[in-house]
Amino acid sequence: MENIKAMGLMSQVAMGLLNHSGSATATQLGDRSKYVGLSDIGKGAECMRAAVANKVFGSQHPKADDVGVWYRDQEYDKVTVALKKQLILQRGHWFEAGIDQAFEANGTKFFSQLEIDAGFDGVPVLAHLDFVMVANGAVRILELKSTENIPDCLYTAYETQLYGQLGFLAKYWDLPCFSIRDGTGQIIHSKLSFPKLCKKVFGVDMPESVQDVDLEGWVLALAMSDAKAFGPYKANDTMTRFCEKTAKSIWEQADELRNNNLDLNTIDFCKGFHPLCDFCDHMNTCPKFTIIELGDSIYNDILEELEVLKSQKAKLLKDIAIQEDQVKDFYVNSGVNGDWLSTGYYRFRCSETAGRKSLNTKALTAELVNILGEDEVEKLVQVV
């Protein structure tokens, strides 16, 4: 009975998140099937198939009513999967709201979800910028990314998205292409140049030419207990043209797919390992994951047990790291300078060592596969 009640609560949370996600996206971003956004362009830079499929078929998230049916039929595993995915997706919006409040508290002059109409050659392109901070003669674009763990370097999609923001803001600086909305999605100011928008909203005088502006872009990666800023990035004409080329390819192939003139599985897809494949809504039909059914269910049982064990291992490693950090912090703050501390049954101390540096061959191989393809990397490894 307690488990049923607990799953009832979990189901309510999952349903609420799904309902909120749908309404919030429609309010701030409109009908995403009607234009190419910068997140589409970033995705297309890594996997064109995923970007086109998203444009035509949309995200494959369950409906809130589906969760209710799963709860009724006691399919609790489906409820849990839906909830976990929504928590990951919604985490970014929660971080964004928190950063918005932080900038407000600082008295920062900034736009949130600034829109740029960057359409060209019949291709509707609409860019949404998380944060754009302005001062006299200076502009800083900030793109937020929510992550489980802070990465050492950015994914291609994230960098491409930021380059698009920088490039479009610079290209359309003095043209009537900029708009902002309120929290309900209603237009506040529409089709102004960026200098005129800054003057109207903040009373800030910006140069008429973008060449006279200090323009930078940053990606802020946020985890629950850590953060890292990547940058600065500058507007780059080559990257702007690449973003436009990618947008045009997405739009044209999406149109062909809608009209049944193109097979989705003939579109280029990401080769080799990519950690974001697990989050792709169109992974199950991807040629990259060709499936051969095994008749013996024992393999499913083995893999299911392995998944549980790996999940337990990941949690243990995380818990160990937290405990170690607590012990190290206590030792450093105690000021004992290299002496041993005793708890009665254990003694410990912290010291600095040079450690060792080694090449992460798995990460290198995965990156090379994405660039060169599996056959070329295999030849390269054999030569080495």
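Tutor: What follows begins with a pocket and its lining, and then turns to backbone geometry, a helix and the cysteines.

This is a predicted model, in which local features need pLDDT of at least 70 and side-chain atom pairs count only at pLDDT 80 or more, whereas totals for chains, interfaces and linings use all residues. Residues are numbered from 1 along each chain as its sequence is written, and side-chain values use heavy atoms, with hydrogens and water left out.

The second largest pocket holds about 320 Å³ of space, a volume that is the space filled by probe spheres set on grid points, joined across faces, edges and corners. A pocket here is an open set of points, on a 1 Å grid over the protein atoms alone, where a 1.4 Å probe fits, with protein on both sides within 12 Å along at least five of seven lines, and a lining residue has an atom within 4 Å of a point. By that criterion the lining consists of R91, E148, N149, I150, A223, M224, S225, D226, K318, A321, I322 and D325. The lining residues divide into 5 nonpolar, 2 polar and 5 charged, where Ala, Val, Leu, Ile, Met, Phe, Trp, Tyr, Cys and Pro count as nonpolar, Asp, Glu, Lys and Arg as charged, and the others, Gly among them, as polar. Helix 9 (residues 298–334) gives the most to this lining, with 4 residues; helices (H or I, at least four residues) and strands (E, at least two) are DSSP runs numbered from the N terminus.

One of the lining residues, D226, lies in strand 7 (residues 226–233) and is partly exposed, with a relative accessible area of 45%. On this scale buried means under 20% relative accessible area, exposed over 50% and partly exposed in between, with a 1.4 Å probe and protein chains only. Leaving aside residues up to four places away in sequence, D226 touches I150 and A221, contact meaning heavy atoms within 4.5 Å. D226 and I150 are 76 residues apart in sequence, yet their C-alpha atoms are 7.1 Å apart in space.

Strand 7 also contains P232, which is joined to G231 by a cis peptide bond with omega of about 0 degrees. Most residues other than glycine have a negative phi, and most peptide bonds are trans. K191, in strand 5 (residues 187–192), has a positive phi of about 55 degrees and is partly exposed at 42% relative accessibility. N260 also has a positive phi, near 60 degrees; N260 lies in the loop between helix 8 (237–258) and helix 9 and is exposed at 70% relative accessibility.

In helix 4 (residues 64–72), A64, V67 and W70 are buried. Seen down the axis of helix 4, its buried residues fall within an arc of 115 degrees, so they line one face of the helix; the arc is that of the directions from the helix axis to the C-beta atoms. D65 and R72, on the other side of helix 4, are exposed.

Finally, a search of the whole structure finds 0 disulfides, a disulfide being a pair of cysteine sulfur atoms within 2.5 Å. For C286, the nearest cysteine sulfur is that of C47, 6.0 Å away. C286 is buried at 8% relative accessibility, whereas C350 is partly exposed at 24%.
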